[in-house]
Structure formats: structure tokens, C-alpha cells
Amino acid sequence: MPISNERVSTHPFLRGLYEDDYYPDDVLDRGRAILLALCERIERERPAGLAALYALTQAATEEFNALEAAFEAAGSEIETVAREEIAEDFGFVARAYGFPDADVEELIATREW
């Protein structure tokens, strides 16, 4: 399903991490795919409130948890810079889909990084 939200479809997810050689592009591509799949799911399911949105974002966060091993295998990790960049993108997604009051910490509450 192609993303219909123009702000989202043109957003450079994880841009700051792609600009840093410490983070492997192939693992970042997987992270970007998680964020895009989250957007597709939001468009498909149209969460009616924050609780429904948090359920979707926290499921996507768990997928990022699983990526930690791939980062480590490539000599990298989800550390402070990556955590902030990922969290910012989750916040962007919430705002882009009409949830400006979403709490970023709640969006990623299931994180292990």
C-alpha cells in the first residue's frame, strides 16, 4: 500500500544516522522500512485516539528492539544519537497523522534501547 500522506512520503527518515558512517546503511534501511510500515498501518487502520496510536507505535518500537542485534553485528549500536533520531521520527509520524499531543516517550514506551 503506497503512503498517501505527502509529508510522510517525502520525509527523510533516519537522515542524521545515514549521514554518520557509524551506522550501517543496510541496518538503517531496515529501520526506515519499519517506520514506513508503521505509516502504512496508520493509514490503513486509522487509529481513533492516542491509545490506538500508541499500540501501533509500540509494536513498531519492538521491531526496532529486534534490530539491536543487527546493529551490534555490524559494529554499531542504538546509542544516544540513534535513540534521539529514532524517537524524533516517531514523533514526526504522530504529528503527521494528526496526533500533535502524542507523548514521544509513550510512543516508544516498549523500547529496550
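Why does Thr57 count as buried? Thr57 counts as buried because its relative accessibility is 1%; buried means under 20% relative accessible area, exposed over 50%, and partly exposed in between, with a 1.4 Å probe and protein chains only.

## Basis of the model

This is a predicted model, in which local features need pLDDT of at least 70 and side-chain atom pairs count only at pLDDT 80 or more, while totals for chains, interfaces and linings use all residues. Residues are numbered from 1 along each chain as its sequence is written, and side-chain values use heavy atoms, with hydrogens and water left out.

## Overall fold

The protein has six helices and zero strands. Helices are DSSP runs of H or I with at least four residues, strands are runs of E with at least two, and both are numbered from the N terminus. Along the sequence the pattern reads α-α-α-α-α-α.

The C-alpha atoms fill a box of roughly 40 × 25 × 20 Å along the principal axes. The radius of gyration of the protein is 13 Å, which agrees with the value near 13 Å for a compact globule of 113 residues; the radius is taken over C-alpha atoms, and the globule rule is 2.2 Å times the number of residues to the power 0.38. Of the 113 residues, 47% count as buried. The accessible surface comes to about 6000 Å², and 46% of this belongs to carbon and sulfur atoms; such areas come from the Shrake-Rupley method with a 1.4 Å probe, and for residues only the protein chains shown count as cover. Among contacts (heavy atoms within 4.5 Å) with a separation of 6 or more, 72% are between residues 24 or more positions apart.

## Nonpolar core

A nonpolar core is a set of buried Ala, Val, Leu, Ile, Met, Phe, Trp, Tyr and Cys residues joined through side-chain atoms within 4.5 Å. The largest one here has 37 residues, and those with the most contacts inside it are Val8, Phe13, Phe64, Phe90, Val93, Tyr97 and Leu107. H3, H4 and helix H5 (80-96) each supply at least two residues of this core. In soluble globular proteins, nonpolar side chains tend to be buried together.

With neighbours within four places in sequence left aside, Val8 is in contact with Ile3, Phe13, Cys39, Phe92, Ala96 and Tyr97. Ile34 is found in helix H3 and is buried, with a relative accessible area of 8%. Beyond its neighbours within four places in sequence, Ile34 contacts Ala60, Glu63, Phe64 and Leu67.

Thr57 lies in helix H4 (residues 50-73). Its side chain reaches the backbone oxygen of Tyr54 at 3.2 Å. Apart from neighbours within four places in sequence, Thr57 is in contact with Leu38, Phe90 and Leu107.

Tyr97 is found in the loop between H5 and H6, and counts as buried at 17% relative accessibility. Its side chain makes a polar contact with the side chain of Glu43 at 2.6 Å. A polar contact is a pair of N or O atoms within 3.5 Å; within protein, one must be able to donate a hydrogen and the other to accept it, and residues adjacent in sequence count only if both atoms are side-chain atoms. Not counting residues up to four places away in sequence, Tyr97 touches Ile3, Asn5, Val8, Cys39, Ile42 and Glu43. Tyr97 and Leu53 are 44 residues apart in sequence and 9.7 Å apart in space, C-alpha to C-alpha.

## Salt bridges

The structure holds two salt bridges, each a side-chain nitrogen of Lys or Arg within 4 Å of a carboxyl oxygen of Asp or Glu. One joins Glu45 and Arg41 at 2.8 Å, N to O. These two residues are separated by about one helical turn because they are four residues apart in helix H3 (residues 25-45). Glu45 is partly exposed at 41% relative accessibility, and Arg41 is partly exposed at 31%.

Arg111 and Glu105 meet in a salt bridge at 3.4 Å, N to O. Arg111 counts as partly exposed at 31% relative accessibility, and Glu105 is partly exposed with a relative accessible area of 48%.

Glu112 lies in the segment after helix H6 (104-107). Glu112 counts as exposed because its relative accessibility is 68%. Glu112 and Leu14 are 98 residues apart in sequence and 18 Å apart in space, C-alpha to C-alpha.
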